[in-house]
Amino acid sequence: MKIGRLLIRDIRSGALTKWYLVFLPIAFGVCRGIQCASIIDSMIDDGQMYTYGTVIDYIMFAMQGMSVYKFNPTEYFSIPIYWFIFQMGAFYIVAYYAFDDFKKNGRAVFVALGERKSWWLAKCLWCNIMVLFYFVVAYISVVVMAWLKGASMMFAVTQKFVTAQFSPNVFSMTHADIILVLFILPFIVTLASAAMQMMLSFLIDPVISFAVTCSVYVISAYYTVWYLCGSYTMWIRSSYVDENGVYPVGGIIFSITIIAISYIVGRIYFDGRDII
């Protein structure tokens with residue numbers, strides 16, 4: 001199968017040869033886990049908590065981003081640095097490979113295949129796999145840190161912790177709500193952004209497309225609006241938590257639309273591209 005062979009090739013060339021990038025999500029998970037454990041230890045010392053929290057407490061802390069920003073001229077605005085670095089790490093991993101592979105091997109591969117859609121579809125699937133792997137490694141890293149610190153592995157939140165650190169509304173969220181805003185939504189939104197970035201790298205330039213993506217996420221930290229995708233990756237900005245936040249289902253629809261547009265535009269681009 002053409003797509004299967006191409007995808008295996010992309011995984012070898014675009015992932016396995018850059019194995020060291022796996023330390024990005026690991027470092028994120030470890031750092032956030034240490035920070036969360038420090039806060040929980042402090043709360044225990046103060047008599048506010050009597051347990052070491054749960055694994056969901058840790059993941060929520062790691063993936064929170066920042067609450068909806070309300071402009072105040074007397075307050076200094078600061079981007080949530082761990083959230084920003086984590087997101088940019090995902091985009092950096094997929095920023096250059098597809099473009100570089102096209103420049104180096106595109107003509108030979110297209111001639112050998114006899115068509116172009118399989119090549120582009122394989123690149124899109126490779127992008128999906130890379131983002132999924134990135135998130136899975138980050139989540140596993142946080143889980144390991146929570147386990148090492150004695151947190152419960154139950155799918156539950158600690159009321160004292162989430163109320164003090166986030167919002168009392170968190171405790172009223174169902175398991176389905178938590179799964180949606182904590183696992184599904186950040187992944188699919190990041191995937192959509194990465195797919196759009198990969199497509200734009202061919203239309204403009206990989207460096208510029210990466211810079212554009214970074215800029216969108218910087219603006220997203222400041223403005224909480226439905227068309228700036230960065231807000232969807234911060235579960236604490238969900239409408240489940242903050243009435244001024246973004247709607248998770250809307251984020252899913254928005255992301256699927258971006259993914260579809262990225263694939264279609266890329267397909268049109270390569271079908272009309274003269275590579276001879």
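Because the model is predicted, local features need pLDDT of at least 70 and side-chain atom pairs count only at pLDDT 80 or more, while totals for chains, interfaces and linings use all residues.

**Stop 1: R9 and D101**

Select R9 and D101 and show their side chains. They form a salt bridge, with 2.6 Å from N to O; the term means a side-chain nitrogen of Lys or Arg within 4 Å of a carboxyl oxygen of Asp or Glu. Side chains of opposite charge can pair when their charged atoms come close.

Now colour by secondary structure, where helices (H or I, at least four residues) are DSSP runs numbered from the N terminus. R9 sits in helix α1 (residues 2-14) and D101 in helix α5 (residues 97-113), so this pair ties together parts that are 92 residues apart in sequence.

Buried or partly exposed: which is D101? At 5% relative accessibility, D101 is buried, while R9, at 24%, is partly exposed. Here buried means under 20% relative accessible area, exposed over 50%, and partly exposed in between, with a 1.4 Å probe and protein chains only.

**Stop 2: D10 and K123**

Next, select D10 and K123. Their closest N and O atoms are 2.8 Å apart in another salt bridge. D10 belongs to helix α1 and K123 to helix α6 (residues 117-148), so to speak distant parts of the chain, 113 residues apart. Both D10 and K123 are buried. Keep both pairs on screen: R9, D10, D101 and K123 are linked in a network of salt bridges.

**Stop 3: R267 and D271**

Move on to helix α10 (residues 248-271), where R267 and D271 are 4 residues apart, about one helical turn. Their side chains meet in a salt bridge of 3.4 Å, N to O. Both count as partly exposed, D271 at 48% relative accessibility and R267 at 27%. The model's count comes to 5 salt bridges.

**Stop 4: the nonpolar core**

Finally, select M60, M63, W126, F161, F166, F202 and W235. Of the 83 residues in the largest nonpolar core, these touch the most other members; such a core is a set of buried Ala, Val, Leu, Ile, Met, Phe, Trp, Tyr and Cys residues joined through side-chain atoms within 4.5 Å. Helix α6 gives the most to this core, with 14 residues.

Centre the view on F202. Leaving aside residues up to four places away in sequence, F202 touches A98, F99, F102, W119, W120, Y269 and F270, where contact means heavy atoms within 4.5 Å.

How values were computed: Residues are numbered from 1 along each chain as its sequence is written. Side-chain values use heavy atoms; hydrogens and water are left out. Helices (H or I, at least four residues) and strands (E, at least two) are DSSP runs, numbered from the N terminus.
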